[in-house]
Amino acid sequence: MKKIDFTDLDGKVLRTFLTILEENSVSKAADRLGVTQSAISHTLAKLRQVLGDPLFVRSGQGLRATERALALKDPVQRVLDGMRALTDERPFDPLSEEITVQIATNDMPRELIFPQLLRRARADGVRLRLGFMPSGVPDPELLRSDRCQLMLTPLPPDGPDIFQKLLVSSPLMVFYDAERRDPPADWAAYCTSDHVEVRFPDGRNARAVMRGVDQSQIRPPTVTLPHFNAIPAFVKGSDLISTDTALMKQGPLAALDCAPLPFDCQPVSIYMVWHQRFANDPAHRWLRGQIAAIAATLQA
């Protein structure tokens, strides 16, 4: 009988296991990890041999995790976090490492902060690779599962293992086309206007950031969109309005006119959020510092 060696389970093998578990697909795991499907299949075969379990079985167009695979998720993540922590005190020079990060954020923080960050990094010779996913109303499991390493959001998730830092605050504004209409003059006019609204894939909408107002009085949206970049195409040349932060004028909604809300409403704060596994990582600390410095200029 062939001897089973647990040391075959290195960090790359364990990361592959978690990725297959999260994606329920060999092809999607390969795409996410930037390797071939045959490489994923080879790693999965090694895992099955060492762990003595099929781990995943065919189910429709994808894979279904066995009970053994599901039970291994948290222990494997803890092992990877422990391995990562071994490098927390390493000497760090941003020019000596390639820094790769997956970021969950919506249109405005992505467009206002990260193009500038990437230009600065490239000018300084820093090898920075950025990947993005929409955050919507973010789920802390995105961070816990390491599907992303950083979030920028006005609705930071809670948890004892979740860290956050306030980046910027911005008042909410009405965006409209001044050639077609005036901004609403009062609460009643605002409520009866035709609205464009962003709704995220989980069904929740961007109005979640409006605090201290009775949203039940606001007319249901005329147009519901999946992201903020689509708003100008619908508002321009129409009497529609959209409610978004003043920072949007520097980013996705630059083509529209804007005016203050005709009623009191709390400003929106944007937070940077990360998991505790990255709290002491020197590359992650460097990146967070760069993001915070750029965000500070948005309110200067």
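Predicted model: local features only at pLDDT ≥ 70, side-chain atom pairs only at ≥ 80, totals over all residues.
Residues are numbered from 1 along each chain as its sequence is written, and side-chain values use heavy atoms, with hydrogens and water left out.

Strand E8 (residues 195-198) and strand E10 (residues 241-245) pair in the parallel sense over 2 bridges; helices (H or I, at least four residues) and strands (E, at least two) are DSSP runs numbered from the N terminus, and two strands pair if DSSP finds at least two bridges between them. Both belong to an open sheet of 5 strands with mixed pairing, in the order E9-E8-E10-E7-E11. At its edges stand strand E9 (223-225) and strand E11 (257-260), each of which pairs on one side only. From one strand to the next, the twist averages 35 degrees.

Another open sheet of 5 strands, also of mixed pairing, has the order E4-E3-E5-E12-E6. Because E4 and strand E6 (162-170) stand at the edges with a single partner strand each, one side of each is left without a neighbour in the sheet. Here the twist from one strand to the next averages 25 degrees. Within this sheet, strand E3 (residues 98-105) runs parallel to strand E4 (residues 127-133), joined by 7 bridges, and Val101 has Leu130 as its bridge partner in E4. E3 also runs parallel to strand E5 (residues 150-153), through 3 bridges, with Ile103 opposite Leu150 in E5.

Helix H5 packs on this sheet and touches E3, E4, E5 and strand E12 (268-275), its direction making about 170 degrees with that of E4; contact means heavy atoms within 4.5 Å, and angles run from 0 to 180 degrees between N-to-C directions.

H5 (residues 107-124) also meets helix H9 (residues 282-298), their axes coming within 10 Å and crossing at roughly 120 degrees. That makes H5 oblique to H9, since angles under 35 degrees count as roughly parallel, over 145 as roughly antiparallel, 65 to 115 as roughly perpendicular and the rest as oblique. The contact involves several residues, including Leu112, Phe114 and Arg120 of H5 and Leu287, Ile291 and Leu298 of H9.
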